Amino acid sequence: MPRRPTGWTLALAVALPVEAATALALPAALAGAVDAALDRTAGHSAPLLLALVLGAAAGAAALAAAAGPACAAEATAALRGRLVRHLLALGPGGRLRPGGPPPGDLTARLAGSAADAGGRLPALLGAATALLTSAGAIVGLGILSPWLALAFFGGVVPGVALIRLFLREAGQVFVRYQETQADIAARLTGALAGLPSVRAAGAQRSEAARVLEPLPALSAAGHALWSAQRRTAWQATLLIAVVEVAVLATAGALVAADALAPGALAAAAGWAALGAGLFEQVEALVGVAHARAGQSRVDELFALAPAPAGVSALPADGTGELAFRGVVVREDGRVLLGPLDLTVPGGSTVALVGRTGCGKSLLAALPGRLRDPDEGRVLVDGVPVAELTAAELRHAVGYAFERPALVGRTVREALDGAGPEQAASARADAFLRGLPAGWDTPLDELRLSGGELQRLGLTRLLARPARVLVLDDAMSGLDLATEYHVTEALDRATRGRTRLVVAHRETAAARADLVAWLDAGRLRALAPHTDLLADPDYRATLAGAALEAAGA
């Protein structure tokens, strides 16, 4: 939806044309003042007009100088808001999935490209005003004498070619520069996320070298831009000098031949300078190229469409049966999961067991449409989750994660309607009471351990009346004793509801009704834990998963 013009936008839209008009009027006013000064019998109207034009030009220039940055700031803020809302909407359905723009790249586009794109309107208005000013100056020269306009037009064709060449080259360079910046940001984000591992391995130097590896490409892009600016600047300066000399020589010859009044020489000089200004708008053109490059990178994200929501609802008497039918998930042409068929009976608990990379978390993401399968369907009580409304899906499937994100201003807001009963079930009530302001403690003042954060995530999950609960390694940060008590409380609080549990500890598999044993993205077996224990490969899988969890 187009953004409504703001006060600063309107001010800029008024100031720039007024500035252009007064700039065009100034040579004529100056010519009148010169002629009046040479004619002793003339009145004072010409000098007064010159003063008024100068005053109006100064006021318009001051207003444009204030309105331009304010307009760009408002546009940038609005664009960032739209982009954040759009990115948040892309998560469900997997439109913003692994293999897409990494977090560092998204941050670079949000912080850098959006700011560049926000200056697009002021840059375009400035360039358009410069173009119109130059066109008006040429008209002024033509009114004085067609010979003056003809003298000026000798430089128009090479000037236009110069501008087109610069815009094409600068636009490509800016895109390359921004892409390289985003690459560095993505590498740095990954390095900071794994900083404990980097420091433990003593790999600070090698990791710093990896993060900074794109710097030569960034330098090359910057030098290419400076080279284009330098080349265009001296070519434009030379062209302007030639054009102005041609116009002034023609005007001088016309004055000498009494074909023009003496004041017309001053007007011709002014309009020649304004008209030639078109060729020296390198800075304005850089702004336009920069804005276009930023807009193109932002538009790439807006082109990603959120997954469409359905219109269906769940049957009122459903048991929470969860079914995966012919599910396949791919990435970059490689199959990560499936083909897979699995039914989780309503009211039962199924543990997903397998080594890292087998597809446990990927499978767990499908019921809530945190990722959509490339093939197949996921159903809750016989209804495909892709056909459920957004509100119905949120009530159908609830999640608790290994690292839950708390959203809101306070703990109470982040727990999304949970109360003391749910906190007690998740064994979070004791440390919640110990917070500085209890449930009303601001989130930015929280200093929580991984286990405490997970218990808050479980508290939030228990407040949801979801038929299907998905616990994706949601208790890995708890010690064994706390995990036992939390599991006992969860069993009581969620009795009769379907649970899908990503398990790394054997205790979680042992407590489940069934174990779905995943191997390289395929379902190897579905059976009770006690039955699978007879298989040495299963025992090795459990041992390996436990070691991987301990290492993480």
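## Salt bridges: criterion and count

A salt bridge is taken here as a side-chain nitrogen of Lys or Arg lying within 4 Å of a carboxyl oxygen of Asp or Glu. By this criterion the structure contains 18 salt bridges.

The structure is a predicted model, in which local features need pLDDT of at least 70 and side-chain atom pairs count only at pLDDT 80 or more, while totals for chains, interfaces and linings use all residues. Residues are numbered from 1 along each chain as its sequence is written, and side-chain values use heavy atoms, with hydrogens and water left out.

## Individual pairs

One of the salt bridges joins the side chains of Arg187 and Glu213, with an N to O distance of 3.2 Å. Arg187 belongs to helix α6 (residues 156-193) and Glu213 to the loop between α8 (204-211) and α9, so the pair ties together parts that are 26 residues apart in sequence. Helices (H or I, at least four residues) and strands (E, at least two) are DSSP runs, numbered from the N terminus. Arg187 is buried, at 19% relative accessible area, whereas Glu213 is exposed, at 52%; buried means under 20% relative accessible area, exposed over 50%, and partly exposed in between (1.4 Å probe, protein chains only).

Another salt bridge is formed by Glu375 and Arg330, whose closest N and O atoms are 2.5 Å apart. This pair links distant parts of the chain, with Glu375 in strand β4 (residues 375-380) and Arg330 in strand β1 (residues 322-331), 45 residues apart. Glu375 is partly exposed at 37% relative accessible area, and Arg330 is partly exposed at 31%.

Arg409 counts as exposed at 63% relative accessibility, and Glu413 as partly exposed at 38%.

## Packing of α1 and α10

The axes of helix α1 (residues 7-38) and helix α10 (residues 262-276) come within 7 Å and cross at roughly 160°. Axes are lines fitted to C-alpha atoms, for helices over the stretch in contact, and angles run from 0 to 180 degrees between N-to-C directions. The two helices, α1 and α10, are therefore roughly antiparallel to each other, a term applied to angles over 145 degrees.

## Exposure of Leu238

Leu238 lies in helix α9 (residues 215-256). At 51% relative accessibility, Leu238 counts as exposed.

Technical notes:
Angles under 35 degrees count as roughly parallel, over 145 as roughly antiparallel, 65 to 115 as roughly perpendicular and the rest as oblique.
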